[in-house]
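Biologist: I'd like to learn how to read annotated sites in a model. Can we go through some together?

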Amino acid sequence: MDCNRCDEEAIMHAAYSGAHLCTDHFRESVEKRVRRRVRRDDLVPHGVTPEDPLTWVIGLSGGKDSVVLTEILHETFAEDPRIELVGLTIHEGIEGYRDKSLEACVELTDDLGIRHEVVSYEEEFGVRMDDVVEDDPENMAACAYCGVFRRDLLSNYADELEADLLLTGHNLDDEAQTAMMNFLEGDVEQMAKHFDASLGPLSERDEQDEFVPRAKPLRDVPEKEVALYAHVNDLPAHITECPHSSEAYRGEIQQLLYGLEENHPGTRHSILSGYEELASIMSGEFSGDDGANLQDCAECGSTTTREVCRKCSLLESLV
């Protein structure tokens with residue numbers, strides 16, 4: 001099958017749009033969607049200048065999503081003195097997994113010439129995920145511990161690096177799954193928080209001065225297209241699932257969406273589009289009335305709704 005835009009052979013078919021694209025036009029399509037999302041989410045304010053540039057910290061895991069996001073943002077802003085990119089890699093302490101993906105992060109940031117910072121659970125918290133999984137004092141899935149620790153480090157180091165924005169490589173599949181989970185759980189307040197935390201345009205979010213704002217410029221691109229982009233650009237992505245991954249509920253939603261997308265192409269786009277509209281409405285409903293009594297954690301000083309934050313509670317249970 002030939003590309004819809006030229007006479008070259010197509011390398012992919014997007015069933016949701018009907019497009020057949022060659023290598024060059026496929027690359028162009030992915031990059032266009034990321035750049036359009038940057039514009040739509042107001043990530044570069046009109047008043048920003050080279051004299052007072054923005055620092056964007058990218059959560060760089062070495063997997064396909066964060067590597068592709070970093071590559072495209074670098075290509076977009078390499079010559080723009082208003083934006084400085086910094087890669088931030090979290091080493092969880094998972095033998096045979098994170099070490100290889102860290103190598104990919106180092107290779108990518110060296111190739112692109114961007115600043116790269118690495119922090120680890122072991123240095124920061126005195127724990128390794130391999131040991132946490134073995135002990136499991138809270139009888140929880142590994143992802144439940146890891147998610148808390150990872151979010152804490154990303155947030156704290158984005159703040160330490162004086163970031164104006166923290167960017168993550170969540171793709172369309174990731175966000176459609178999250179949307180479905182919130183729908184099925186009937187959690188409208190979480191929808192509002194999701195909008196203000198990372199989905200809504202910066203100009204429309206309820207202000208949260210306590211946290212560095214987040215953004216997900218890759219969220220219009222399906223997971224398989226992210227993987228294909230990494231492949232055709234020969235990017236140093238470590239495409240291997242974490243050996244401790246065990247988010248059973250999300251896995252069920254993932255399989256459900258695979259089936260729906262196969263039978264009804266465009267389902268993921270429709271879910272996320274509708275979800276973002278509802279999340280925007282919910283944000284307005286809960287604005288200034290979220291019931292959150294933010295305070296400093298008595299143990300580490302992080303902003304939390306509890307006397308002792310969830311991270312410190314988990315670390316205490318691991319002692």
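Biologist: Is His-25 buried or exposed?

Modeller: Buried means under 20% relative accessible area, exposed over 50%, and partly exposed in between (1.4 Å probe, protein chains only). His-25 has a relative accessible area of 17%, so His-25 is buried. One caution: this is a predicted model, where local features need pLDDT of at least 70 and side-chain atom pairs count only at pLDDT 80 or more, while totals for chains, interfaces and linings use all residues. Residues are numbered from 1 along each chain as its sequence is written, and side-chain values use heavy atoms, leaving out hydrogens and water.

Biologist: Which residues does the UniProt "binding site" annotation with His-25 cover?

Modeller: UniProt positions follow the numbering used here, with shortened feature names, and annotations may be inferred rather than shown by experiment. In this unreviewed entry, UniProt lists Cys-3, Cys-6, Cys-22 and His-25. They span 23 residues in sequence, yet no two of their C-alpha atoms are more than 8.6 Å apart, so they gather at one spot.

Biologist: Which residues is His-25 in contact with, leaving aside neighbours within four places in sequence?

Modeller: Contact means heavy atoms within 4.5 Å. With those neighbours left aside, His-25 contacts Cys-3, Arg-5 and Cys-6. Cys-3 is buried too, at 5% relative accessibility.

Biologist: What else does UniProt list for "binding site"?

Modeller: The unreviewed entry also gives Cys-297, Cys-300, Cys-309 and Cys-312. Their largest C-alpha distance is 8.4 Å, although they are spread over 16 residues of sequence. Here Cys-309 is buried at 6% relative accessible area, whereas Cys-300 is partly exposed at 33%.
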